[in-house]
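Here's a quick briefing on how two chains meet, plus a look at one residue away from that topic. Have the structure open while you read.

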Amino acid sequence: MDTNFSAEDLAFRQQVEQFYDDNFDDDLVSRLLDRRQFRDAIIEWQQRLFRQGWVAPGWPEEYGGTGWTLTQKFIFEDVRASKGAPDVIPFGLIMVGPVIYTFGNDEQKERFLPRILNSEDWWCQGYSEPGAGSDLAALQTKAERDGDDYVVNGAKIWTTYAQYADWIFCLVRTSNEGKKQEGISFLLIDMKSPGITVNPIPTIDGVHSLNEVQFDNVRVPAANLIGEENKGWTYAKALLQHERTSIAGVGDSKKKLATIREQAGREQSNGAPMIEDPMFSARLAGIEIDLMALEYLELRSLASAADGKGPGTESSLLKLRGTEIRQALDELHMDLAGYYAGTELGEQLASELGHDFADRARNSYMYGRAATIFGGSNEVQRNITAKYVLGL
Amino acid sequence: MDFKLTDEQNILKDSVTKFVADRYELESRRGYLREENGFSADNWQQFAELGWLSVPFSEELGGFGGSAVDLMVLMEELGKGLVVEPYLATVLLFGGALAEGTNKELKTSVIPEIIEGNVQGALAFHERDSRFCMHDVATTAEKNANGYVLNGQKTVVYNGMAADKFIVSARTSGARRDESGVSLFIVDASSNGLSRAGFTMMDGQRVANVSLSDVSVSNDQLVSDLDDGLAVLNALSNNALVALAAEAQGAMQVLYESTVEYSKTREQFSVPIGSFQVLQHRMVDMFGACELHRSLLYRAVCSVDEDSANRDPVDVAKNLHALKTSVGRAGKQIGAESIQIHGGMGMTDELAVGHYVKRLMMINTCLGDADYHQRCFAALANA
Ligand SMILES: Cc1cc2nc3c(=O)[nH]c(=O)nc-3n(C[C@H](O)[C@H](O)[C@H](O)COP(=O)(O)OP(=O)(O)OC[C@H]3O[C@@H](n4cnc5c(N)ncnc54)[C@H](O)[C@@H]3O)c2cc1C
């Protein structure tokens, strides 16, 4: 048992850091933070990663992955977060890409994978429906075969970034027979198809990310079906595993913790920095201890995955603790901002307000409430752990 | 021992409940927030007509001479309705400073105007680095032949954009964080040298950063005794704490009840989600937090309303610190659980849930957050 990095690993880390220093520049950072420029900026950033060959470390090399060792992947993620760089938009690169190269046919791989890698296509995820959230298998959006097409009717909800998307991957009902999981298919749908309407859903964080997507007699070529009809649930479950392991967010939480510590060295309370306030610093330390445990849980999970044991039973735990820690940090960050917390700057600048992080702390706190809801809510994760890990 | 409301208090309660039912649909509230100052001038006139603006002021000033219980009854119902009119800022902070202050002329001239609904006020006491310490005051008031000259920056001034008048804390002597040496001055918003910039908070309220640059004030604009402004700030903040805690009580009550209601109607896996034991237990804890908060609220108002012979100042102070600690802790717990149990719906702007959560978060930071008051409580309890 040891966790030392080899000389090659350290050299790799330097190489990654150098790449960030050269490519993740201030101009890009400010465009990423500006909601109006966010879409173009994140695409540009992903394309820089693509040109470097680093946009899909999780993919097999033959499809455009990096062929990195587990340790290298860990280092890459750690550097990304420590530089404050955003994760890639997951829907194409993390979610549907792996489904396509695992379950898709050659034609689909050729058609979709290159455009996912170079960020030409923006994807969104069409799973949830008004009546099918935690109970996803209850979904009702219907796809009926008509000649060479499927005709799709129904509605998806909570579709993140549907407003930017070129494509949506959907779970649709193709049969009402047998168990409800057995009548579901995995369909790729062009967002420009006639009959699709996207309605924004305003949210409590004030930034437009969620949408309702309606399908009214939308014709989808049968060639866009992944794998076999009525087997979509199996494919989606494989994908959910993927979604869950990357959700611990250790690197991002470490970065946020360091940011809070730095800011607490500046925020004043009765003439002393907040970091010297025993109650505040004890709360910060408490979260840091939780995060140290989570970090090693993640390393252990990665190591066992590298041994070919697959993302194991820890994956629910990673999501549970990862999101709870994130929320604890968000709460502490809000508290640090004192009565500035809760500012909604809109078009105004932080410099006009005279407080540099209050608005962002508010946004992160409010949006961050969703971290324990999406990707399988924390209640559902605990149910899964109780059943499959504890055998209850 | 009796925790029942009097007939008069029940009438007050009913009148606020009726107002909220008539005028505070979520859509109407959105409309008020879109108005210039983020609230409805019409509603404010209603407040005046219904006598609510007079509740905390003494009878000799034309007020109702209300007790802490009266104020609690009013604020709890306003909290249930998520009412946005600046009762706290104008009546309890600005008006409170006048009422607790020592300037008789100002009391008799300005307080009746507040009661009539003719004046909007704000208390400018926050500064960039003062956090919750009200005597950390860098704004200066320098004596000259005609009175004083004010210089400094006040931040996050509640109701600061609508205010016709401000009461400003400024240092007349001593070092920046000395308890003594703070004085309060009333200043017209139109004064030379005063400028303001508006910001919106997550609960929709408008606040202002107020800049004072050589603002001249006369001696009769002094609201407190010279150098003794802190006593006034402490006194008014005690009343305002009760009000905030009662408002929070109303908000928590609505959140917990509507979450229980939602869990009975929302079905997943072919059953109402309220049938899942894990959610049941968590809602029981929300209910518990609500009831325990109400208990601390009653404890505090009873001790505040005790007649002066029986009133123990340390006991009152501990009760108030405990109460405001609970506002933050219970508010966050109930807020977070409400969103969680509503699932994706809880994230929407369309539902009231998120708006109550935001208001609770803002109440937590107003006049000292939970950690701050817990620390104050510890200092008293360990003394
Ligand atoms: C910000 C955000 C982004 C999202 N992005 C997408 C997206 O891009 N694509 C997409 O398809 N979906 C997306 N979702 C949807 C998300 O996956 C669902 O919100 C989630 O599955 C929960 O479903 P629900 O909202 O219907 O809540 P419900 O299923 O109604 O759950 C309500 C509450 O009941 C609890 N509950 C449910 N079942 C049980 C049980 N058996 N035992 C105990 N408790 C239970 C839940 O944990 C929750 O607290 C997003 C959601 C959010 C909030």
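A residue counts as buried under 20% relative accessible area, as exposed over 50%, and as partly exposed in between. Keep in mind that this is a predicted model. Pro114(A) has 40% relative accessibility, so it lands in the partly exposed class.

**Around Pro114(A)**
- Pro114(A) sits in helix α6 of chain A, which covers residues 106-117.
- Phe50(A) is 64 residues away from Pro114(A) along the chain, yet their C-alpha atoms are 10 Å apart.

**How much of A meets B**
- On chain A, 49 residues touch 49 residues of chain B.
- Together the two chains bury about 4200 Å², with carbon and sulfur atoms giving 56% of that.
- Ile204(A), Met279(A) and Tyr339(A) supply 20% of the area chain A buries against chain B, more than any other three residues.

**Polar and charged links**
- You'll find seven salt bridges between chain A and chain B.
- One pairs Asp277(A) with Arg375(B), where the closest N and O atoms are 2.8 Å apart.
- Several elements of chain A each put at least two residues on the side facing chain B, including α9 (278-309), α10 (314-336) and α13 (378-389).
- That side of chain A splits into 21 nonpolar, 17 polar and 11 charged residues.

**Strands across the interface**
- β11(A) and strand β6 of chain B (residues 194-201) run antiparallel and are joined by two bridges.
- In this pairing, Glu344(A) stands opposite Thr200(B) in β6(B).

Terms used:
Residues numbered from 1 in each chain as written. Chains lettered and ligands numbered in written order. Predicted model: local features only at pLDDT ≥ 70, side-chain atom pairs only at ≥ 80, totals over all residues. Heavy atoms only, no water. Helix = DSSP H or I, 4+ residues; strand = E, 2+ residues; numbered from the N terminus. Buried < 20%, exposed > 50% of the residue type's maximum accessible area, 1.4 Å probe, protein only. Contact = heavy atoms within 4.5 Å. Buried area = accessible area lost by both parts, 1.4 Å probe. Salt bridge = Lys/Arg side-chain N within 4 Å of Asp/Glu carboxyl O. Nonpolar A, V, L, I, M, F, W, Y, C, P; charged D, E, K, R; others polar. Pairing = 2+ DSSP bridges.
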